[in-house]
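Reader: I would like to learn how to read salt bridges in a model. Please show me the structure, then take me through some cases.

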Amino acid sequence: MRLKNLESISLVDNTFNTSIISCLSFLPSLRILNLSQSHDLGTSFPMQELSSLRELMTLDLSDSGVESLTVNGTMTMSNLVYLNLDLNFFTDDIMRSMSAFPSLRYLSMKGSFFTARGTLFANGRPNLPYLEVLLLTMNGFSGTLPIDDLTYFHNLEVLDLSSNNFVGSIPLTIKSLSSLKAISLAENMLNGSLPNGLCELKNLHTLDLSHNNFHGSLPECFNSLSFLKLFDISSNQFTGMLQPSLIANLTSLEYVDFSHNKFEGSFSFSLFSNHTKLEVVAFINDNDNDMFKVETEHPAGWTPMFQLKVLVL
């Protein structure tokens, strides 16, 4: 039976070996292929055998025990736009292989660099001019943030580098990632003060810097991030006063967590009075910080325009 019009196959959680790949290569119309949780495909996935699938746009190899992709120097899969490689056991060399997929828009490698060492692009930066989403959480990457390399991904909108071992500060060149809409640097070992370059990311709606060692005051220019919906800077070492103009202007906020820092002075909850979308607010204060206080009833008679779902003080 020839399935020349078949466009989508899901073979999740099967025990096929690599011989199935040769069979799939004779499906000329295939656009979506899901091989996730297929643990008998071998450690080296024969990607070149899928190169004949000219229409393939989506490939999921997550949680399949793969350690490398067999890609020869001339192979390209020019229509592939979505690639999920989560929960595998790659080495650093895997990033160099990504150049075989020049049209990628979505690349997820969460928890996949079992033998990660050094910087993210230690063995070469792939040429991915259309990449919009890059998810690299939980990989144990170390060194400083590879922002200069990431600036070559001109269309990058979502960047997740959380739960790694990055150190140092956020470089000013982060402003060059002007297409960013969401960034998470949470749960690393980053420090220093926040650069004004973050304020240049005018399209940002998610900013998660929680669980690091950032210090200093929040840049006042943050008040220009008018599309910001999630703002989490909890569990850092930020100091100084929370400027009223910073909070009052961020009327798109839905989720705010400023807990476990070293802020000073008082913060009036009435600054959120015009935040109609606000749902979650957390201001947990450390026991040893008696320099900061949250005022919830001042000024008297103020009326919130939001309906909170979660409030933690």
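This is a predicted model: local features need pLDDT of at least 70, side-chain atom pairs count only at pLDDT 80 or more; totals for chains, interfaces and linings use all residues.

Reader: What counts as a salt bridge, and how many does the structure hold?

Author: The term means a side-chain nitrogen of Lys or Arg within 4 Å of a carboxyl oxygen of Asp or Glu. The structure holds 6 of them. In one, the closest N and O atoms of Asp 86 and Lys 110 are 3.9 Å apart. Asp 86 sits in the loop between strand S6 (82-84) and helix H2 (94-97), and Lys 110 in the loop between strand S7 (106-108) and strand S8 (133-135), 24 residues apart. Helices (H or I, at least four residues) and strands (E, at least two) are DSSP runs, numbered from the N terminus.

Reader: Is Asp 86 buried or exposed?

Author: Buried means under 20% relative accessible area, exposed over 50%, and partly exposed in between (1.4 Å probe, protein chains only). Asp 86 has 10%, so Asp 86 is buried. Lys 110, at 28%, is partly exposed.

Reader: Which residue does Arg 125 meet in a salt bridge?

Author: Its partner is Asp 149, at 3.0 Å from N to O. Arg 125 lies in the loop between S7 and S8 and Asp 149 in helix H3 (residues 147-150), so the pair ties together parts 24 residues apart in sequence. Arg 125 is partly exposed at 33%.

Key: Residues are numbered from 1 along each chain as its sequence is written. Side-chain values use heavy atoms; hydrogens and water are left out.
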